[in-house]
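These are my notebook entries on a structure that I am reading for the first time. I record what I looked up, entry by entry.

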Amino acid sequence: MDNLGFLFAANAFVWGGIIYYVYTLKQRNRALEKDLELLKETLSKEG
Amino acid sequence: MNLFLSQISAIVWKDFVTELKTRELLSAMFIFALLVILIFIFSVNLSVVKANEVGPGILWVAFLFSGTIGLNRSFMLEKENGCLMGLILVPADRTAIYFGKLISNFVFLSIMELFILPLFMIFFNIDLLAHLLPLLLVIFLGTLGFCALGTLLSSLASNLKTREIMLPILLYPLLVPIVIGVVRMTGQVLAGEPLSEMMNWIGLTASFDIIYIGVSIMTIDHILEE
Amino acid sequence: MSSDEIEENEEEGNILVWLTGLVFLAAMIAIFIYVPTEKTEGVVQRIMYFHIPCAWLSFFAFFVVFICSILFLWKKDREWDIYSHASAEIGVIFCSLVLITGPIWAKPIWGAWWVWDARLTSTLILWLIYVSYLMLRAQSDAGSMRARYAAVLGIVGFLDIPLIHFSVLWWRAFHPQPKVITSEGIGKGMDPTMLATLGISLCAFTLLYFLLMGVRVRQEKLKDEIDRLKREKIYSS
């Protein structure tokens, strides 16, 4: 039985999916942080 | 209770008068259903497959597609002229609005189905008259379930920007159990099996109807809220 | 949120990260080294230790959506809306993974990528329902309308699951049953080491769910806060 390829593919997809999701979370976090910085800047300029 | 019933009948009556005046919806639904059936006949080679096997599926696809047109219209019409706001502002129970719309959708779709059935009989050369009563029961259960869930979701989709696209996307995956059920039952009825042979399917479709009418009663207040 | 609270949250988050990582490491060791290879299916059978936990996680996530949707309609608290949104997103991700690993497992065992097996079919329909749920959320603007509509769909969608299950099961019953060695045999006929490995893997994925939920919920709350500040800014100037 030489089906190691299938096992590898399934494993890779699961990890790839999880890592991809974490990556999108990170990116969204970064966008939010940028937004926050911008907000802080404008607020401090005014005040 | 009496007040509730008169509120429902007022909404149904309003829809019927509009339809009688414009005659837009029923004719469109009928022609669309006919077109769906024709397209399927062209795409399936009837000399290879038995009409009895593909017929029920094609019939129900036609019903569902043209029923979606009716659903799309039922709340859109209200939305376009700001009538939905008026309906919500009327001191009527929101549940009455739901039931009014459910009944008018159900009746329109049933009338259209009654026109399609004879044509289906001719096109596919299937004798429906022999099993008419069980067939009507199956169609009743299926149409009721479709309208129960469809009315709820179309009231929801009518407020979205992309309502025509979103209604089928939301509705069709949820309809899977009832579609499988009615297509199976229609096939079995046309094959001459008695209704007692398919009690599990009848139970499934009936519980679909009951569950979704119940859920709609409980949640419609949250949808028709401005 | 005060800075103390944030710190505390972060600390808890860190513990959860380490715990999840550790259990995942243990699960990997168990899956690839500890557990013996199954006789009939060979090495491919190890896919099960990913496949079933993913399925469990997505189902659990959709159940959380259902509960939070009910709570939202009852309490009308934005908190529950955030929870159901985050949970639906995670559920869809893992449901997709189930749909990907399923065919990869099926190909060498059943000889076809896709078999209209009852469980796989139900999962596909479930995936469609919750993708449409996320589309509904993306289509409508933030606010009470989106939250209410999504909650209604979250309830309607979950109630459909038993109906889908039975209809697909009976639908298949009219066709030849594929010769399958599916998860039917959980508990019976399963080696205790296999059961243990599956258990560890289930634990790892469940922890991962809570970890992702925490991150996603915090993000959404931060977004709310930023939106609120922006609005304040606009109205004050």
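This is a predicted model: local features need pLDDT of at least 70, side-chain atom pairs count only at pLDDT 80 or more; totals for chains, interfaces and linings use all residues.

**Entry 1**

I then listed the buried residues of H8(B): B:Trp201, B:Leu204, B:Thr205, B:Phe208, B:Asp209, B:Tyr212, B:Ile213, B:Ser216, B:Thr219, B:Ile220 and B:Ile223.

I checked the length of H8(B), which covers residues 199-223. Its 25 residues should span 36 Å at 1.5 Å a residue, and the end C-alpha atoms are 35 Å apart, so the two values agree. I also noted a kink of about 40° in H8(B), centred on B:Ile217.

**Entry 2: helix H5 of chain B**

Where does the kink in H5(B) lie? I found it at B:Ile116, shortly before the proline B:Pro118, with an angle of about 25°. Just after H5(B), I noted that B:Asn125 takes a positive phi of about 60°.

**Entry 3: confidence in chain B**

I looked up the pLDDT values of chain B and found a mean of 89, with 100% of the residues at 70 or more. Within chain B, confidence is lowest in helix H4 (residues 83-89), at a mean of 80, and highest in H6(B), at 93.

**Entry 4: chain C as a whole**

I counted six helices and zero strands in chain C. Of its 237 residues, 38% are buried. For contacts in chain C with a separation of 6 or more, I found that 81% join residues 24 or more positions apart.

**Entry 5: the sides of chain C**

I turned to the contact between chains C and B, which takes 25 residues from chain C and 24 residues from chain B. On the chain C side, the elements giving two or more residues are H4 (118-139) and H5 of chain C. The largest share, 16 residues, comes from H5(C). By class, I recorded 18 nonpolar, five polar and two charged residues on this side.

I then examined the contact with chain A, where 25 residues of chain C meet 20 residues of chain A. Here H2, H3 (78-110) and H6 (192-236) of chain C each give two or more residues. This side of chain C has 15 nonpolar, four polar and six charged residues.

**Entry 6: C:Leu73**

I selected C:Leu73, which lies in helix H2 of chain C. Is C:Leu73 buried or partly exposed? It is partly exposed, because 19 other C-beta atoms lie within 10 Å and a buried residue needs 20 or more. Leaving aside residues up to four places away in sequence, C:Leu73 touches B:Thr219, B:His222 and C:Ala151. B:Thr219 is one of the buried residues of H8(B) that I listed above. I also noted that C:Leu73 and C:Val152 are 79 residues apart in sequence, yet 8.1 Å apart in space, C-alpha to C-alpha.

**Entry 7: the nonpolar core**

Last, I looked up the largest nonpolar core, which has 125 residues. Those with the most contacts inside it are B:Leu149, B:Val179 and C:Cys54. I followed B:Val179 and found that it touches B:Trp60 and B:Leu64, residues up to four places away in sequence not being counted.

Notes. Residues are numbered from 1 along each chain as its sequence is written. Chains are lettered from A and ligands numbered from 1 in the order in which they are written. Helices (H or I, at least four residues) and strands (E, at least two) are DSSP runs, numbered from the N terminus. The expected span of a helix is 1.5 Å times one less than its number of residues. The bend at a residue is the angle between axes fitted to the seven residues ending there and the seven starting there. A residue is buried if 20 or more other C-beta atoms lie within 10 Å of its own, exposed if 12 or fewer, and partly exposed in between; C-beta atoms are placed from the backbone. Two residues are in contact if their C-beta atoms, placed from the backbone, lie within 7 Å. Ala, Val, Leu, Ile, Met, Phe, Trp, Tyr, Cys and Pro count as nonpolar, Asp, Glu, Lys and Arg as charged, and the others, Gly among them, as polar. A nonpolar core is a set of buried Ala, Val, Leu, Ile, Met, Phe, Trp, Tyr and Cys residues joined through C-beta atoms within 7 Å. pLDDT is the predictor's confidence in each residue, from 0 to 100.
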